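Here are my notes for your first pass through this model. Keep the structure open and check each point as you go.

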Amino acid sequence: MKKYVLTLACASALALASTAAFAQQMDPNMPGMAGMQTTKPTQAQGIGIVKAIDTTKGTITLQHQAITAIGWPAMTMTFKVDPPALLQKVKAGESVRFTLHPAGMASTVTAISPAG
Ligand SMILES: [Cu+2]
């Protein structure tokens with residue numbers, strides 16, 4: 001009698017374990033799986049100093065601080081500005097806050113204003 005109960009308990013433990021393993025391996029729609037995907041931010045905020053403005057090309061050269069949201073170190077680089085009219089709002093030598101649409105070296109400044 002006692003042996004029968006033990007065997008039964010063992011069998012259900014095995015059944016439970018294999019069901020759990022199956023669910024983990026086979027269900028890609030589990031909430032846990034979706035949460036593991038990292039989403040890239042579509043915009044990031046930066047702070048920097050205007051080094052140069054080119055209204056003909058519609059570009060701005062910024063010596064920007066690190067932008068941790070997208071893993072960028074501090075550096076000086078030239079950005080396309082969209083819309084180009086944003087270039088009227090700032091001057092070379094000025095400290096600015098800006099919004100970036102991150103796309104590596106093709107990143108675009110989509111908003112900019114004097115940091116004051
Ligand atoms: Cu940069």
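1. Begin with strand β1, residues 44–54. It runs antiparallel to β4, and 6 bridges join the two. Keep in mind that this is a predicted model. Find I49 and look across to β4: S95 stands opposite.

2. Now turn to the other partner. β1 also pairs with β2, again in the antiparallel sense, over 6 bridges. On this side, I49 stands opposite Q63 of β2.

3. Look at the turn next. The hairpin of β1 and β2 has 4 residues between the strands. There G58 takes a positive phi near 70 degrees. For background, most residues other than glycine have a negative phi.

4. T59 lies in strand β2. Is T59 buried or exposed? It is buried, because its relative accessible area is 14%, and buried means under 20%. Leaving out residues up to four places away in sequence, T59 touches A52, I53, D54, T78, F79, K80, V81 and L87.

5. Go to the metal. Which residues coordinate the copper ion? They are H64 through NE2, M75 through SD and M77 through SD, at 2.0 to 2.5 Å. The spacing of these donor residues in sequence is H-x10-M-x1-M. H64 sits in strand β2 (residues 59–64) and M75 in strand β3; the pair is 11 residues apart and links distant parts of the chain.

6. H64 is buried, with a relative accessible area of 3%. M75 is partly exposed, at 28%.

7. The bond joining D82 and P83 is cis, with omega about 5 degrees. In general, most peptide bonds are trans. Where is P83? Its place is in the loop between β3 (75–81) and β4 (95–101).

8. Finish with the whole chain. It has 2 helices and 5 strands. From the N terminus on, the order is α-α-β-β-β-β-β. Of its 116 residues, 23% count as buried. Among contacts with a separation of 6 or more, 46% come from residues 24 or more positions apart. The accessible surface is about 8,200 Å², and carbon and sulfur atoms hold 63% of that.

Methods:
Residues numbered from 1 in each chain as written. Predicted model: local features only at pLDDT ≥ 70, side-chain atom pairs only at ≥ 80, totals over all residues. Heavy atoms only, no water. Donors = N, O, S within 2.8 Å, 3.2 Å for Na, K, Ca; no water. Buried < 20%, exposed > 50% of the residue type's maximum accessible area, 1.4 Å probe, protein only. Pairing = 2+ DSSP bridges. Contact = heavy atoms within 4.5 Å. Areas by Shrake-Rupley, 256 points an atom, 1.4 Å probe, with all protein chains shown as cover.
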